[in-house]
Structure formats: C-alpha cells, structure tokens
Amino acid sequence: TTGAPGAADASPAPAAARPTATATAQPTLPPVSDGFDGYRARLSATRETAATLLDQVIGNGASGAALVSEALQQKAELARASEIEMTVETLLSARGFSEALCTVRRGSVNVVVRSDALTQQQAAQILDIVMAETGEPAGNVRIIPAR
C-alpha cells in the first residue's frame with residue numbers, strides 16, 4: 001500500500017522492525033505483577049545497553065575528540081546515578097523501608113516505596129535522605145507509595 005509515511009501496510013512489519021514506545025521513552029514504574037526486582041533488572045539492562053553504546057563511540061577511531069569527551073561524561077553520569085540510587089535505597093532500607101526504588105536523572109529524582117500510604121514523617125525521612133544524597137531540591141523529588 002502506498003501513502004503517507006507511517007500509514008498501515010497490508011502486511012504488518014516484523015516485530016523487530018516495528019518502532020516501540022520504549023525505544024525512546026525513559027523507564028516507567030513497574031507494574032505490580034513485575035515488582036521491584038523486575039524493574040531493577042530492566043533498568044540495569046537499559047543502562048548496560050547505554051554503556052555499551054557509549055563504549056562503541058569511545059572506542060571508534062572515527063569519533064572526534066568532542067564526541068568521545070561527551071560519551072565519557074555520559075558514562076560517568078550513568079555510574080554516578082547508579083551509585084546514588086544504590087546509596088539511597090540502602091539508606092531507606094536501614095530506615096525500615098523494606099523495598100524502595102530510586103531513579104536519578106539530572107533535575108529529577110523518583111523514589112518508589114513499598115507501602116499503601118506514607119505518613120508525613122515517613123515522607124520527610126525519605127525526602128531528607130534523597131536531598132542529602134542527590135543535592136536535588138525538594139521540588140525535584142517525587143515520592144511514590146506502591147503496593
């Protein structure tokens with residue numbers, strides 16, 4: 001069938017050729033059935049893929065110095081974010097939050113905590129930890145209870 005780009009063809013494209021919403025989207029919160037461990041595994045796999053791509057840029061002799069420098073900086077940011085996330089999750093566990101996920105992006109921190117609801121005191125504890133470890137102001141931190 002001819003027509004505008006993106007118009008439906010008579011035969012569907014193979015699954016590998018179809019664009020996916022997650023190809024460019026940031027990771028989303030885990031569905032209840034997937035749980036915290038499933039989300040951690042997906043986040044880790046996504047980061048490993050990003051690090052591999054950055055390594056390819058860094059190792060490519062055709063990459064210019066500016067591109068290599070940018071790739072090195074992005075790789076360092078990935079490592080820094082992972083370290084901060086692990087520290088926040090460990091500190092939350094020490095404070096009695098049995099399951100917590102933290103994702104850090106420039107200007108944004110999300111914390112998902114296993115709980116039906118959080119008291120103001122619990123939210124304040126979480127916020128204190130996140131702000132101390134990330135340097136982000138309270139307005140850039142989202143705390144989300146999840147069952």
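The text below takes the core, then the helix.

This is a predicted model, in which local features need pLDDT of at least 70 and side-chain atom pairs count only at pLDDT 80 or more, while totals for chains, interfaces and linings use all residues. Residues are numbered from 1 along each chain as its sequence is written, and side-chain values use heavy atoms, with hydrogens and water left out.

A nonpolar core is a set of buried Ala, Val, Leu, Ile, Met, Phe, Trp, Tyr and Cys residues joined through side-chain atoms within 4.5 Å. Buried means under 20% relative accessible area and exposed over 50%, with a 1.4 Å probe and protein chains only. The largest such core has 15 residues, of which V88, L92, V109, V111, I126 and V130 touch the most other members.

The most comes from α2, with 4 residues. Another core, of 5 residues, lies apart and includes F36, L43, L101 and V112.

In α3, the residues I126, I129, V130 and T134 are buried. Seen down the axis, the buried residues of α3 fall within an arc of 105° (directions from the helix axis to the C-beta atoms), so they line one face of the helix. The face turned away carries the exposed residues Q120, Q121, D128 and A132. Just after α3, G135 takes a positive phi of about 80°.

Terms used: Helix = DSSP H or I, 4+ residues; strand = E, 2+ residues; numbered from the N terminus.
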